[in-house]
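Here is a short briefing to read alongside the model. Keep the viewer open and follow the topics in turn.

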Amino acid sequence: MTTRTGYVWHERYAWHDTGTALGIYPAGGALQPWHAFESSESKSRIAGLIEVSGMLDALERIPARPATRDDLLRVHTPEHVDRIRALSDDRGGDGGDGFTPFGPGSYEIASLAAGGTIAATRAVVAGQVDNAYALVRPPGHHAVADSGMGYCLFNNVAVAIEHARAELGVGRVAIVDYDVHHGNGAQSIFWEDPDVLTISLHQERLFPQDSGETTETGGGAGEGACLNVPLPAGCGNGAYLAAIDRVAVPALRAFAPDLIMVCSGFDPSALDPLGCMSVTAAGFGGIAARLLAAAGEICGGRIVFSHEGGYSPAHAPFCALRVLEALSGHETGVGDPFDLSFGDSPAHELRPWQDEAIAQAEQVAQLLRTA
Ligand code: ZN
């Protein structure tokens, strides 16, 4: 039986304009204008390789439709939504933290990114496809209820989860976020919600620098439905796969969600300018295969990947392709060219200090399970 993997991409995603910046920081003074790391390059090139490799022919295209204002308001405050819309209708502006620039028309594009994640979720929940990858932009996982943050305007995955709970009869949902940055947005949005488990694997104290510790486990009724795996800089495939096997998958089993949403960021890549990790395409493929197997065992295979960060235009396409190979079971024969440089690196062995960090998160996960 062949797997039907849904795929969302719209050229409009590439037209979200983040302007000139010195990578992260607004240009000016001693900061020569360049471009934001979050530019269309890496995502367009992922879409390009998906087509050129022949992967596209093995996927089922799911049309992206904009999220409605009601969809956005299930997660975001009207003030935030209206502010982004007004700035977007004018000349653009900033998402709210000073590091989230956008140009004219980005309200519609961000709505299409949230809507693309909704469309992928609807297709999976309805059984039209077995699993799905929404290659959307701008990303979403840093956006909180009342503000954009870290390149994110609306929290795409949170908006899709609330849509699924309100309109598709979905009950419990788990998020697994392997972007190199902390999934602070979903953590804050679902902090007191016992029916949404947030699991974030990230480089410790990277962004936001003051969140993502193992001590953050949810609040109120949501206590125990939040799990953080802060990893020391320098982790490669070994540490990431160990963290998935020892922390994320057992937590998913214990929580028993109806649906798994994945915040898929390729910034743990060995070549990423914003992270200090060393994951290769093989590592990302291994993560995806494990999460897919867990979904098969736990929730009838219902799993939706929504694209987040990943700022190496050279490497991200090969990492994403390997994830799609894992989801669809279709092998393109296109390898990771950067394996020549990083494939046999000792960075892929699980080092004692990495093992220690994972063991700590493992302990928290066990406590949460028995609580
Ligand atoms: Zn990121």
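How many disulfides does the structure hold? The structure holds 0 disulfides, a disulfide being a pair of cysteine sulfur atoms within 2.5 Å. This is a predicted model, in which local features need pLDDT of at least 70 and side-chain atom pairs count only at pLDDT 80 or more, while totals for chains, interfaces and linings use all residues. Residues are numbered from 1 along each chain as its sequence is written, and side-chain values use heavy atoms, with hydrogens and water left out.

**Cysteines**

- The closest cysteine sulfur to that of Cys299 is in Cys263, 15 Å away, which is too far for a bond.
- Cys299 counts as buried at 4% relative accessibility, where buried means under 20% relative accessible area, exposed over 50%, and partly exposed in between (1.4 Å probe, protein chains only).
- Cys319 is in no disulfide either, since the nearest cysteine sulfur, that of Cys235, is 16 Å away.
- Cys319 also counts as buried, at 0% relative accessibility.

**Helix H1**

- Helix H1 covers residues 40-52, 13 residues in total; helices (H or I, at least four residues) and strands (E, at least two) are DSSP runs, numbered from the N terminus.
- From first C-alpha to last, H1 reaches 18 Å, close to the 18 Å expected at 1.5 Å a residue; the expected span is 1.5 Å times one less than the number of residues.
- Ser42, Lys43, Ile46, Ala47, Leu49 and Ile50 are the buried residues of H1.
- These residues cover an arc of only 165 degrees around the axis, which puts them on the same side of H1; the arc is that of the directions from the helix axis to the C-beta atoms.
- Glu51 and Val52, on the other side of H1, are exposed.
- Strand E1 (5-8), strand E2 (59-61), strand E10 (303-307) and helix H9 (316-328) are what the buried residues of H1 pack against, with contact meaning heavy atoms within 4.5 Å.

**Helix H8**

- The 18 residues of H8 should span 26 Å at 1.5 Å a residue, and the end C-alpha atoms of H8 are 26 Å apart, which agrees.
- Buried residues in H8 include Ala281, Phe284, Ile287, Leu291 and Ile298.
- The cover over the buried residues of H8 includes E6, helix H7 (237-255), strand E9 (259-264), E10 and H9.
- Gly300 follows H8 and has a positive phi, near 65 degrees.

**Rings**

- The whole structure has 9 aromatic pairs, counted when ring centres of Phe, Tyr and Trp (its six-membered ring) lie within 6.5 Å; planes under 30 degrees apart are stacked, over 60 edge-to-face and the rest tilted.
- One of them is the tilted pair of Tyr178 and Phe284, at 6.0 Å centre to centre and 50 degrees between the planes.
- This pair links distant parts of the chain, 106 residues apart: Tyr178 is in the loop between strand E6 (173-177) and helix H6 (184-189), and Phe284 is in helix H8 (residues 281-298).
- Arg172 lies over the face of Phe255, 4.0 Å from the ring centre; a charge sits over a ring if NZ of Lys or CZ of Arg is within 6 Å of the ring centre and within 35 degrees of the ring normal.

**His315**

- His315 sits in the loop between E10 and H9 and is buried, with a relative accessible area of 0%.
- Not counting residues up to four places away in sequence, His315 touches residues including Ser269, Leu271, Ala281, Asp336 and Phe338.
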